[in-house]
Structure formats: C-alpha cells, structure tokens
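Here is a friendly note to read alongside the model. Please keep the 3D view open and look up each residue as you go.

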Amino acid sequence: MDVRASKVSQGGGEMQKVNPAMLRWLWLTLAVIVLDLGTKWYVSANMVLGESVPVAPFFSFTLLHNTGAAFSFLADASGWQRWFFIILAAVVSAVLALWLVRLSREERWMACALSLVLGGALGNLYDRAVLGYVVDFLHFFYGGYNFPAFNLADTAITIGAFMIAIDVFRNPSGATEDK
C-alpha cells in the first residue's frame, strides 16, 4: 500500500490526506516535551523561585514563573491570559499536528520544524494548564542587558520557527522537494 500523501478533490478544492509515514516525526515532539518538562522539574525541585546560579559570565540558571507569554507579555494581567494562552496553544498545536501529518514524505525539513514547534508548544501548554505559569530558567545577560529568561520549550519553538522561515525562503512556491 502506498502511504504517500495523495490529493483528493473535495468541493472543488484540493486537500491532502493524512500521511501515516509522517507520524514518525512525533518522536521528536515527544523528545522535546520530555526534555523540557524534565529540566523544568529538575530546576524547580532544586532551586527556589528567583534564585540564580551563575554558570558563565553571561549565563545563569534563574528560576522564574511566567504567567504571560513570550518576554512576559501580559504577565501582569488579571488571570484571563492563562486561559487565553491555553486555548491558543491548544488550537495552534492541533493545527501544527494536522499540518505535520499532511506533509509528503520528502518534506523532512518542514516535518522537523513542525515537530520542534509542536513539542515546545505542548511543553509550555502543560505548564500553563497544570501549574498556572510557565517555568523559565535559562537566563542570558551581558553588561547591563538581561535577555528574558526562557526554557527548552521556547528554544525548540524558536528553532522550529526559524526553520519554517528558512523553508519559506528556500521554497517560496511551496513545491515539495527533498529537504
């Protein structure tokens, strides 16, 4: 049986079927989730909130709880942001998973990118849903400048997003090719 994604006509539009071969990329999503939640658990179990452990002149482990989004956006809101970000992350995760399983076998670069973003989104979604905040602990700084603390989920999301952007520039027509 041919497991490659095929196109079918539905109501005049073209829609790709689910490609079971792309499910293999979920190992990367799972690896991101396990590493992310494992490191957050370890740091939370061994540090107190606000504690900073210097690692290098420009980097430290600093345990923080972020109730907002990236760069603590909306962290000072009254609490509605938690549910907004939970719903947003759930919807985005569903869209990413659907996109992933509809890729063709040749779209490995995009499959990797989507798996990274999906794993990061689900890692932070877990924190937000269960804890009410996202655990951040990677803190870079230089001189008087402090980059906001982040976690491995954020790192996976950022790497995956850059990979998607690179794919758009490498392949602006959207045609599939070996990547």
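1. Let us begin with a term: a salt bridge is a side-chain nitrogen of Lys or Arg within 4 Å of a carboxyl oxygen of Asp or Glu. With that rule, a search of the whole structure finds 2 salt bridges. In one, aspartate 127 pairs with lysine 40, and their closest N and O atoms are 2.9 Å apart. Aspartate 127 lies in helix 3 and lysine 40 in helix 1, so the pair ties together parts that are 87 residues apart in sequence.

2. Before going on, a word on the source. This is a predicted model, in which local features need pLDDT of at least 70 and side-chain atom pairs count only at pLDDT 80 or more, while totals for chains, interfaces and linings use all residues. Residues are numbered from 1 along each chain as its sequence is written, and side-chain values use heavy atoms, with hydrogens and water left out.

3. Which residue forms a salt bridge with aspartate 36? Lysine 40 does, with the closest N and O atoms 2.8 Å apart. Both residues lie in helix 1, 4 residues apart, about one turn of the helix. Asp36, Lys40 and Asp127 are joined into one network.

4. Is lysine 40 buried or exposed? Buried means under 20% relative accessible area, exposed over 50%, and partly exposed in between (1.4 Å probe, protein chains only). Lysine 40, at 3%, is buried. Aspartate 36 is buried at 0%, and aspartate 127 is buried at 2%.

5. Now zoom out. The protein has 4 helices and 6 strands, where helices (H or I, at least four residues) and strands (E, at least two) are DSSP runs, numbered from the N terminus. Their order from the N terminus is β-β-α-β-β-α-α-β-β-α. Of the 179 residues, 36% count as buried.

6. A nonpolar core is a set of buried Ala, Val, Leu, Ile, Met, Phe, Trp, Tyr and Cys residues joined through side-chain atoms within 4.5 Å. The largest one has 18 residues, and Trp25, Leu103, Leu114 and Leu116 have the most contacts inside it. Helix 1, helix 2 (80–101), helix 3 and helix 4 each supply at least two of its residues. Helix 3 gives the most, with 8 residues. Another core, of 8 residues, lies apart from it and includes Val43, Met47, Phe59 and Phe137.
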